Amino acid sequence: GSLKLGVVKATEIMRVLAKNGSLSVLGQAIAEIGRVEKTKYLLEYISSEALRRRVHAQLSRGELRNSVSREVYHGNRGAMREKYKEGMENQLGALGFVVNAIALWNTRYMQAALGLLEAMGHDVLEEDVARLSPLKWRHINFLGRYYFELHPDVVDGDLRPLRDPNKVDPFELIFPR
């Protein structure tokens, strides 16, 4: 509680729990309580299918974020090329910024698409929406030619128009998604 309220710093707590490189008696007691909690969690994980599904869904989301990062960071095949810590931090910061921009872009347009579906009278189920992820990237052109002329709606601060699902885009015939 003291740590959460900011009364005591984490370094001070660690200094009390570990003296001369080994845990104090209090530190050992806290470690044992942690082991008990971990065992209780593992037993609940084994016995609860709902918990296993939640954990699996969260792991899948983490892997999806990693796949976006790998795709964005394709140039160096995911390897850090900078020799200094600051350079590596800059690379990771830029990567995180781009992945967050992709997630924001996708979230805004998924929200617009869901709103359009509801306006058209389609049922949008909560359980379907819960399965959506803003970390999809196959529609993003990472290589090749870019077209930067802004649609007039975007210049005015609105989203660009959504594609009509009933019309075929010639680009998609050449490069299917």
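This text goes through a predicted model of one chain, from its overall make-up to a few of its residues.

The secondary structure of the chain consists of eight helices and two strands. Read from the N terminus, the order of the elements is α-α-β-β-α-α-α-α-α-α. The chain has 177 residues, and 13% of them count as buried. Its accessible surface comes to about 15,100 Å², and carbon and sulfur atoms account for 59% of that area. Contacts along the chain can also be sorted by separation in sequence. Among those between residues at least 6 apart, 51% join residues at least 24 apart.

Which residues of α4 are buried? They are L51, S67, V68, S69 and V72. The cover over these buried residues includes α3 (25–47) and α5 (85–119).

A search of the whole structure finds one aromatic pair, and W105 and Y109 form it, in a tilted arrangement. A pair of aromatic rings is described by the distance of the centres and the angle of the planes. Here the centres are 4.7 Å apart and the planes are at 40° to each other. An α-helix has 3.6 residues a turn, so residues three or four places apart point the same way. Are the two residues buried or exposed? W105 has a relative accessible area of 41%, so W105 is partly exposed. Y109 counts as buried because its relative accessibility is 11%, under the 20% cut-off.

Another ring is found at W137. R138 lies over the face of W137, at 4.7 Å from the ring centre.

The last stop is S133, in the loop between α6 (126–130) and α7 (152–155). Although S133 lies in a loop, S133 counts as buried, because its relative accessibility is 14% and the limit for buried is under 20%. What does S133 touch, leaving out residues up to four places away in sequence? It touches L64 and M110.

Note on methods:
Residues numbered from 1 in each chain as written. Predicted model: local features only at pLDDT ≥ 70, side-chain atom pairs only at ≥ 80, totals over all residues. Heavy atoms only, no water. Helix = DSSP H or I, 4+ residues; strand = E, 2+ residues; numbered from the N terminus. Buried < 20%, exposed > 50% of the residue type's maximum accessible area, 1.4 Å probe, protein only. Contact = heavy atoms within 4.5 Å. Areas by Shrake-Rupley, 256 points an atom, 1.4 Å probe, with all protein chains shown as cover. Phe/Tyr/Trp six-rings, centres within 6.5 Å; stacked < 30°, edge-to-face > 60°. Lys NZ or Arg CZ within 6 Å of the ring centre and 35° of its normal.
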